[in-house]
Amino acid sequence: MSRIGKLPVALPKGVEVKVSDKNLVNVKGPKGELNRSMDTAITLKVADGKVVLSRATEQKRHKALHGLYRALIANMVHGVSEGYKVQQELVGVGYRAGHKGQMLELTLGFSHNVAFELPKEIKLLTVTEKGKNPMITLESSDKELIGLVASKIRSLRTPEPYKGKGIKFSGEILRRKAGKAAGK
């Protein structure tokens, strides 16, 4: 049996999990509501404040899906109860971040400003303090969506290895190169 798949997912207070007849899972909590369709080979049961998943057969594909869907359901439960938060840092002279509603406006050293529209499910906050790098904070209940948006923002100006300029995740350690002067 799958080591991940056999673990039950504990439901915190205020979180409800419902399964429709077509294997559509609905997780509802204080931070929002998430839906996901599951493969028909995986069955989900809610009992005693826990969610337990089981698979139809011992096929390799079903074993893989067992662990996958358990992890996805656990992420959904955590998201609607506590939520997810991603912080990004803009490193570079003249790099700035601001926002108007769901529109993120970035100055990244290009000849033009970059405008990035975020989905309505994500809360956006930009902070600029004197003497510190500008910060972008994203908050959402959907882990998959927030990770996708954060990676797209980072891809607008990935950190380069010589000076470290670009958009990086807060706490990320970049691998740095010495440059030409080190070779002489």
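1. A polar atom of the Ser81 side chain lies 2.9 Å from the backbone oxygen of Val77. This pair is a polar contact, a term for two N or O atoms within 3.5 Å where, within protein, one must be able to donate a hydrogen and the other to accept it, and where residues adjacent in sequence count only if both atoms are side-chain atoms.

2. The model is predicted: local features need pLDDT of at least 70 and side-chain atom pairs count only at pLDDT 80 or more, while totals for chains, interfaces and linings use all residues. Residues are numbered from 1 along each chain as its sequence is written, and side-chain values use heavy atoms, with hydrogens and water left out.

3. Ser81 belongs to helix H1, residues 60-81 (helices are DSSP runs of H or I with at least four residues, strands runs of E with at least two, numbered from the N terminus). Ser81 has a relative accessible area of 18% and is therefore buried (buried is under 20%, exposed over 50%, partly exposed in between; 1.4 Å probe, protein chains only). Beyond neighbours within four places in sequence, Ser81 is in contact (heavy atoms within 4.5 Å) with Pro12, Val15, Pro30 and Lys31.

4. Ser37 is found in strand E4, residues 32-37. With a relative accessible area of 48%, Ser37 is partly exposed. Leaving aside neighbours within four places in sequence, Ser37 is in contact with Asn23, Leu24 and Tyr69. Its C-alpha atom is 9.4 Å from that of Val19, 18 residues apart along the chain.

5. Strands E8 (residues 96-100) and E9 (residues 103-107) pair in the antiparallel sense over five bridges (pairing requires at least two bridges found by DSSP). Arg96 has Thr107 in E9 as its bridge partner. Two residues lie between E8 and E9 in this hairpin, and Gly101 in the turn has a positive phi of about 70°.
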